[in-house]
Amino acid sequence: MTRLLYVEDDPLLRTVTTMALEDAGYEVVLAEDGREALRLLEEHGGFDFVVSDISMPGGVSGLDVAQAARQSRPGCRMVLMSGYATSQLPALPDDALFMTKPFRVPDLLAMLADGAQPSAAA
């Protein structure tokens, strides 16, 4: 089973998306913010995917979470999300997938399925 760390500060979006991910067969571990995500990475590590909002309260961004995930598991795949225009965001890791919010759950599931395939450079 594919293990996924899902980091989202919006409770409704977190609940709905988690249910869809679990229905699709993912083992989902939830974090409400970046600080909790860092703690979970340290405690549980070994995630196949990290799906994270980029901008979150508390001083730890989705980019910080992505960097920490890479350190704990170099092959971890990333989906970073934001409701901001990409021109307003800092540079994203080259191999991270990006999803604009709001998003449709089937689009996220398709992105995860496509991202599960290792890239030619990996």
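## Starting at Arg3

Arg3 counts as buried, because its relative accessibility is 18% and the cut-off for buried is under 20%. Keep in mind that this is a predicted model. Arg3 sits in strand E1, which covers residues 3-7.

What does Arg3 touch, once residues up to four places away in sequence are set aside? The list is Glu27, Val29, His44, Gly45, Gly46, Phe47, Asp48 and Phe49. One of these, Phe49, stands opposite Arg77 in strand E4.

## The sheet as a whole

Let's step back to the sheet. Five strands make it up, in the order E2-E1-E3-E4-E5, with parallel pairing, and the sheet is open. The edges belong to E2 (27-31) and E5; each has a single partner strand, so one side of each has no neighbour in the sheet. On average, neighbouring strands are turned by 20 degrees against each other, direction ignored.

Two helices pack on this sheet. Helix H1 (residues 11-23) touches E1 and E2, and its direction makes about 165 degrees with that of E2. Helix H4 touches E1, E3, E4 and E5, and its direction makes about 175 degrees with that of E5.

## Strand E4, covered on both faces

Now for E4, residues 77-82. Six of its six residues are buried, so the strand is largely enclosed by the rest of the structure. In a regular strand, side chains alternate between the two faces of the sheet. In E4, Arg77, Val79 and Met81 are buried on one side, while Met78, Leu80 and Ser82 are buried on the other.

Strand E3 (residues 49-53) runs parallel to E4, and five bridges join them. Strand E5 (residues 97-100) also pairs with E4 in the parallel sense, over four bridges.

Is Ser52 buried or exposed? With a relative accessible area of 0%, Ser52 is buried, since buried means under 20%. Its place is in strand E3.

Leaving aside neighbours within four places in sequence, Ser52 is in contact with Val7, Gly62, Val79, Leu80 and Met81. Val79, Leu80 and Met81 are among the buried residues of E4.

## From E3 over a helix to E4

How do you get from E3 to E4? The two strands and helix H3 (residues 62-72) make a right-handed β-α-β unit.

Two packed helices are described by the angle between their axes and the distance between the axes. For helix H2 (residues 34-44) and H3, the axes come within 10 Å and cross at roughly 5 degrees. That makes H2 roughly parallel to H3, as angles under 35 degrees count that way.

Where the two helices meet, H2 brings Gly34, Ala37, Leu38 and Leu41, and H3 brings Asp64, Val65, Ala68, Ala69 and Ser72. Sorted by type, the residues of this contact are six nonpolar, two polar and one charged.

One last stop: the loop between E5 and helix H4 (105-115), where Pro102 lies. What kind of peptide bond joins Lys101 and Pro102? The bond is cis, with omega about 0 degrees.

Conventions: Residues numbered from 1 in each chain as written. Predicted model: local features only at pLDDT ≥ 70, side-chain atom pairs only at ≥ 80, totals over all residues. Heavy atoms only, no water. Buried < 20%, exposed > 50% of the residue type's maximum accessible area, 1.4 Å probe, protein only. Contact = heavy atoms within 4.5 Å. Pairing = 2+ DSSP bridges. Right-handed = clockwise from strand over helix to strand, strands pointing away. Axes fitted to C-alpha atoms, helices over the stretch in contact; angles between N-to-C directions. Parallel < 35°, antiparallel > 145°, perpendicular 65-115°, else oblique. Nonpolar A, V, L, I, M, F, W, Y, C, P; charged D, E, K, R; others polar.
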